[in-house]
Amino acid sequence: MVRLRADLDRCRGAGQCVFTAPDLFDQDDAAGLVVVLDPAPGPDRQPLAARAADACPNRALTLSPD
Ligand code: SF4
């Protein structure tokens with residue numbers, strides 16, 4: 001299994017992750033920080049999760065083996 005994690009200390013609410021993968025991420029209403037909607041994406045969603053992690057300007061997203 002693969003785990004998708006967000007480091008909220010690094011997130012600055014830039015929103016590229018939501019733009020890249022709206023099914024995997026949302027932003028909270030208060031500060032716009034990332035909310036991971038699918039913390040264990042299946043194989044079909046992992047490429048998109050990886051693209052979103054690459055798109056984050058603050059390197060706040062990691063995709064790693066569980
Ligand atoms: S792209 Fe990065 S900084 Fe922007 S909301 Fe997503 S996790 Fe946060």
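Modeller: A disulfide is a pair of cysteine sulfur atoms within 2.5 Å. A search of the whole structure finds 0 disulfides. This is a predicted model, in which local features need pLDDT of at least 70 and side-chain atom pairs count only at pLDDT 80 or more, while totals for chains, interfaces and linings use all residues. Residues are numbered from 1 along each chain as its sequence is written, and side-chain values use heavy atoms, with hydrogens and water left out.

Biologist: Why is Cys 11 called buried?

Modeller: Buried means under 20% relative accessible area, exposed over 50%, and partly exposed in between (1.4 Å probe, protein chains only). Cys 11 has 10% relative accessibility, so Cys 11 counts as buried. Cys 56 is at 12%, and is therefore buried.

Biologist: Why does Asp 38 count as buried?

Modeller: The relative accessibility of Asp 38 is 16%, so Asp 38 counts as buried. Asp 38 is placed in the loop between strand S3 (34–36) and helix H2 (46–55). Helices (H or I, at least four residues) and strands (E, at least two) are DSSP runs, numbered from the N terminus.

Biologist: What joins the side chains of Asp 38 and Arg 45?

Modeller: A polar contact of 2.8 Å joins them. The term means a pair of N or O atoms within 3.5 Å; within protein, one must be able to donate a hydrogen and the other to accept it, and residues adjacent in sequence count only if both atoms are side-chain atoms.

Biologist: What puts the buried residues on the same side of H2?

Modeller: Ala 49, Ala 52 and Ala 53 are buried in H2. They cover an arc of only 100° around the axis, which puts them on the same side of H2. The arc is that of the directions from the helix axis to the C-beta atoms. Pro 47, Arg 51 and Asp 54 are exposed on the other side of H2.
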